[in-house]
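I opened this entry to keep track of what I looked up. My notes follow in the order I took them.

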Amino acid sequence: MTRASLRSQLLLLVALVCSLAALEAMLDPDRVAQGMGEFPVGVNGYSQFYAIYVGVRLATAGLALLAARQGDQPILGDLTALFVLAQPAGRLVAACAIGLPQGFLLVVCGIELAGGIALLALRPR
């Protein structure tokens, strides 16, 4: 299997995971929010939750799908990697201020880091 096909497969996996995470957030927002340590309050709280956990995740999934189909344009895969890595980067800032995430969220952070770094490592030369 070539680097390009491995990267395409990883991009498809990112698209699948982001889509499923967005679907889960739409179907059971309170459970997902609680699992992430968030407690949306009122219309604005839920609006912000949906913006991040549905909107941004679906945008990331769409970008990953586009990147997987456009293997000759590695910048799309790089942008997908940056979207994936933006989350652990933000958590790193929080870790410096208040500590590392705990439990399930720490696992999610590790998966995001591994996936984003793998996308960049598999970049076509």
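**Starting at G35**

I began with G35, which lies in helix α2. I take helices as DSSP runs (H or I, at least four residues), with strands (E, at least two) treated likewise, and both numbered from the N terminus. I noted that this is a predicted model, where local features need pLDDT of at least 70, side-chain atom pairs count only at pLDDT 80 or more, and totals for chains, interfaces and linings use all residues. Residues are numbered from 1 along each chain as its sequence is written, and side-chain values use heavy atoms, with hydrogens and water left out.

Is G35 buried or exposed, or partly exposed? I found it partly exposed, because its relative accessible area is 40%. The scale is this: buried is under 20% relative accessible area, exposed is over 50%, and partly exposed is in between (1.4 Å probe, protein chains only).

Next I looked at P29, found in helix α2. P29 counts as buried because its relative accessible area is 14%. Which residues does P29 touch, not counting those up to four places away in sequence? I listed E24, Y46, F49 and Y50. Contact here means heavy atoms within 4.5 Å. P29 and G110 are 81 residues apart along the chain, and their C-alpha atoms are separated by 23 Å.

**Helix α1**

I then checked the length of α1. Its 25 residues should span 36 Å at 1.5 Å a residue, and its end C-alpha atoms are 36 Å apart, so the two agree. The expected span is 1.5 Å times one less than the number of residues. The buried residues of α1 include R7, L10, L11, V14 and C18. I asked what covers the buried residues of α1. The cover includes α2, α3, α4 and α5.

An α-helix has 3.6 residues a turn, so residues three or four places apart point the same way.

**L58 in α3**

L58 lies in helix α3. I put L58 down as partly exposed, because its relative accessibility is 40%. Leaving aside neighbours within four places in sequence, L58 is in contact with S19 and A22. The C-alpha atoms of L58 and T2 are separated by 27 Å, and the two are 56 residues apart along the chain.

**Helix α4**

α4 has 25 residues. From its first C-alpha to its last it reaches 36 Å, close to the 36 Å expected at 1.5 Å a residue. Where does α4 bend? I found a bend of about 30° at A86, and a proline, P88, follows within four residues. The bend is the angle between axes fitted to the seven residues ending there and the seven starting there.

I noted the buried residues of α4, among them L76, D78, V84, L85 and R91. The buried residues of α4 pack against α1, α3 and α5. After α4 comes G99, whose phi is positive, near 120°.

Residues up to four places away aside, D78 touches R7, L120 and R123. L92 and L113 are 21 residues apart in sequence and 11 Å apart in space, C-alpha to C-alpha.

**The largest pocket**

Last, I looked up the largest pocket, with a volume of about 620 Å³. Of its 24 lining residues, the closest to the centre are V17, A21, V108, I111 and E112. A pocket is an open set of points on a 1 Å grid over the protein atoms alone where a 1.4 Å probe fits, with protein on both sides within 12 Å along at least five of seven lines; lining residues have an atom within 4 Å of a point. Points are joined across faces, edges and corners, and the volume is the space filled by probe spheres set on them.

Which helix gives the most to the lining? I noted α1, with eight residues. α1 (3-27), α2 (29-35), α3 (42-69), α4 (74-98) and α5 (104-121) each supply at least two. By class, the lining has 16 nonpolar, four polar and four charged residues. Nonpolar covers Ala, Val, Leu, Ile, Met, Phe, Trp, Tyr, Cys and Pro; charged covers Asp, Glu, Lys and Arg; the others, Gly among them, are polar.
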